[in-house]
Amino acid sequence: MYFLWYLLIGLVTGYIANLIIKGSGSGLIINLLVGILGGLLGGWLFSLFGLIPVGTFGSLITSIIGAIVLLWIAAIIRPKRRD
């Protein structure tokens, strides 16, 4: 049951991060991957500062911040497209 909860949080997190960074969602699978990887990255970043997220809201905020950082890093690495 917790696995489904983590997937749902990852999906919501990826969607919110994509809205903040790009302005639109990127699809179900990409949002899910961004959310899950963002949760891992956010947890790692928060642990560097000695912060521990508590509860669902803390996990959601941590995942959103991690997903935003992940999308920001991806935007830096990806070459700019010329139309």
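The points that follow go through the helices one by one, together with their contacts.

1. First, the ground rules. This is a predicted model, in which local features need pLDDT of at least 70 and side-chain atom pairs count only at pLDDT 80 or more, while totals for chains, interfaces and linings use all residues. Residues are numbered from 1 along each chain as its sequence is written, and side-chain values use heavy atoms, with hydrogens and water left out.

2. Let's begin with helix H1. Helices here are DSSP runs (H or I, at least four residues), numbered from the N terminus. H1 has 20 residues, and its first and last C-alpha atoms lie 28 Å apart, close to the 28 Å expected at 1.5 Å a residue; the expected span is 1.5 Å times one less than the number of residues.

3. Which residues of H1 are buried? They are Ile 9, Gly 10, Thr 13, Gly 14, Ala 17 and Asn 18, where buried means under 20% relative accessible area, exposed over 50%, and partly exposed in between (1.4 Å probe, protein chains only). These buried residues fall within an arc of 160° seen down the axis of H1, so they line one face of the helix. The arc is that of the directions from the helix axis to the C-beta atoms. H2 and H3 are what the buried residues of H1 pack against.

4. Leaving aside residues up to four places away in sequence, Thr 13 touches Gly 35, Leu 60, Ser 63, Ile 64 and Ala 67; contact means heavy atoms within 4.5 Å. Ile 16, also found in H1, is partly exposed, with a relative accessible area of 28%. Its C-alpha atom is separated by 8.7 Å from that of Asn 31, 15 residues apart along the chain.

5. Now for H1 against H2. Their axes are 6 Å apart and the helices pack at an angle of about 100°. Axes are lines fitted to C-alpha atoms, for helices over the stretch in contact, and angles run from 0 to 180 degrees between N-to-C directions. H1 and H2 are therefore roughly perpendicular to each other; angles under 35 degrees count as roughly parallel, over 145 as roughly antiparallel, 65 to 115 as roughly perpendicular and the rest as oblique. Among the residues making this contact are Leu 7, Leu 11 and Tyr 15 of H1 and Leu 28, Leu 32 and Ile 36 of H2. The residues of the contact of H1 with H2 divide into 7 nonpolar, 6 polar and no charged. Ala, Val, Leu, Ile, Met, Phe, Trp, Tyr, Cys and Pro count as nonpolar, Asp, Glu, Lys and Arg as charged, and the others, Gly among them, as polar.

6. H2 itself has a buried side and an exposed one. Its buried residues are Asn 31, Val 34, Gly 35, Gly 38, Leu 41, Gly 42, Leu 45 and Phe 46. They cover an arc of only 145° around the axis, which puts them on the same side of H2. On the other side of H2, Ile 29, Leu 40 and Trp 44 are exposed. Gly 50, which follows H2, has a positive phi, near 75°.

7. The residues of the contact of H2 with H3 divide into 10 nonpolar, 8 polar and no charged.

Key: Helix = DSSP H or I, 4+ residues; strand = E, 2+ residues; numbered from the N terminus.
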